[in-house]
Amino acid sequence: MEINRRTTLIAGTGAVLAPLVGLPSHDAQAAQAIADAQVPGLLRKRIGEYLVTAIADGYLDLGQELFSGISKREIDELQTNTFIRPGPIRAAVSTYLIQKGDVAILIDSGAGDQLGETAGRMHGNLAAAGVRPADITAVYLTHMHPDHINGLAKDGEPLFPNAQLVVHQTELAFWTDEGNTSAAPDFVKPYFLGAQATVRSYNGRTSVFSGNDSDVGHGLRSVELPGHTPGHSGFRLSSGTDDLLIWGDIVHAHSLQFARPECSVGFDVDASTAVQTRRKIFETVASEGTLVAGMHLDFPGFGHVRAAKVGYEFVAQPWPYDL
């Protein structure tokens, strides 16, 4: 119903007050329990014939010292300009579920129970969406960092018993290479060992793709986005006139990296290439008007990129009230 002066007058005072009848008294309201948790972290939207659900896994707080190519003073200024108190940078951790018919594809799996209490909430939110782990037919990986794969397995057992893992062949080769594992600094070795353990838990149910714009099935095409990791990839979903690019970890710090694409994060395997990739994909999606979603953009992460006086800016998509 459209609310305007005319409909308000027609409704009359009685109709306006009617919803207030039967409300509990102030004392009764005061006795009610106060919620101590957020509502389930879910947002659904249609992309053509597909239903895409953003699923929150939680968040990670990243120290300012992890970001290079930018001074602390500049970081403080950019945070202040976006109404964020200067200090640790809060990065959302999100996953995306794509459904059509009997197909249920999860893009990344979140942080599991190994990166602290602020993340690892994906499985609970997936259940709130009415989806069982056994319903997932495939998990497509943007890359194999812990906050993207730790939700796949626990104690050597797969948490998605019917799912196939799908990952860029360069990414899989990098993290499962024994030479890379041996040569890695001690603080990075767990990344390699964790990726290898995850692959073993799926007991051969891993398939690879290669190349840019490859058909990886179910309406999805690959987008090579190297730098953050060697095989870091996005997935473009096209259906009818709708188009969505899920771009993984192009951005870790919403408040910094749109304005300053040259700002890189310490998790980048090849920071120089990551910066080049970020600039290129910003330019592409801004010129095309492509809808994007990112794992570390403020949840739910859907929006558009546009050129600004300095760098770029992200325009979050309005809340979709209907599907």
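User: Which residue in β5 does Lys100 stand opposite?

Analyst: This is a predicted model, in which local features need pLDDT of at least 70 and side-chain atom pairs count only at pLDDT 80 or more, while totals for chains, interfaces and linings use all residues. Residues are numbered from 1 along each chain as its sequence is written, and side-chain values use heavy atoms, with hydrogens and water left out. Strands are DSSP runs of E of at least two residues, helices are runs of H or I of at least four, and both are numbered from the N terminus. β4 and β5 pair in the antiparallel sense over five bridges, where pairing requires that DSSP finds at least two bridges between two strands. Lys100 stands opposite Val103.

User: Which strands stand at the edges of the open sheet of seven strands?

Analyst: The sheet has mixed pairing and the order β1-β2-β4-β5-β6-β9-β10. Two of these strands have a single partner each, so one side of each is left without a neighbour in the sheet; they are β1 (42-47) and β10 (206-209).

User: At what angle does helix α6 run to β9?

Analyst: Helix α6 (residues 169-176) lies across β9 (164-168) and β10, with contact meaning heavy atoms within 4.5 Å. Axes are lines fitted to C-alpha atoms, for helices over the stretch in contact, and angles run from 0 to 180 degrees between N-to-C directions. On that basis, the angle between α6 and β9 is about 95°.

User: Is Asp108, with its positive phi, buried or exposed?

Analyst: Most residues other than glycine have a negative phi, and most peptide bonds are trans. Asp108 has a phi near 70° and is found in the loop between β5 (103-107) and α4 (122-128). Buried means under 20% relative accessible area, exposed over 50% and partly exposed in between, with a 1.4 Å probe and protein chains only. Because its relative accessibility is 0%, Asp108 counts as buried.

User: Which peptide bond is cis, with omega near 10°?

Analyst: The proline concerned, Pro300, is placed in the loop between β16 (291-293) and β17 (302-307). The cis peptide bond runs from Phe299 to Pro300.

User: How many residues line the largest pocket?

Analyst: On a 1 Å grid over the protein atoms alone, a pocket is an open set of points with protein on both sides within 12 Å along at least five of seven lines, a cavity is a set where a 1.4 Å probe fits but cannot get out, and lining residues have an atom within 4 Å of a point. Grid points are joined across faces, edges and corners, and a volume is the space filled by probe spheres set on the points. The largest pocket holds about 480 Å³ of space, and Gln38, Gly41, Ala56, Arg121 and Phe299 lie nearest its centre. The number of lining residues is 18.

User: How much space lies in the largest cavity?

Analyst: A search of the whole structure finds one cavity of 30 Å³ or more. Its lining includes His228, His232, Asp249 and Asp268. The space in this cavity is about 50 Å³.

User: What is the relative accessible area of Asp249?

Analyst: Asp249 is found in the loop between β14 (242-246) and α9 (254-257). Leaving aside neighbours within four places in sequence, its contacts include His143, Asp147, His148 and Met295. Asp249 is buried, and its relative accessible area is 3%.
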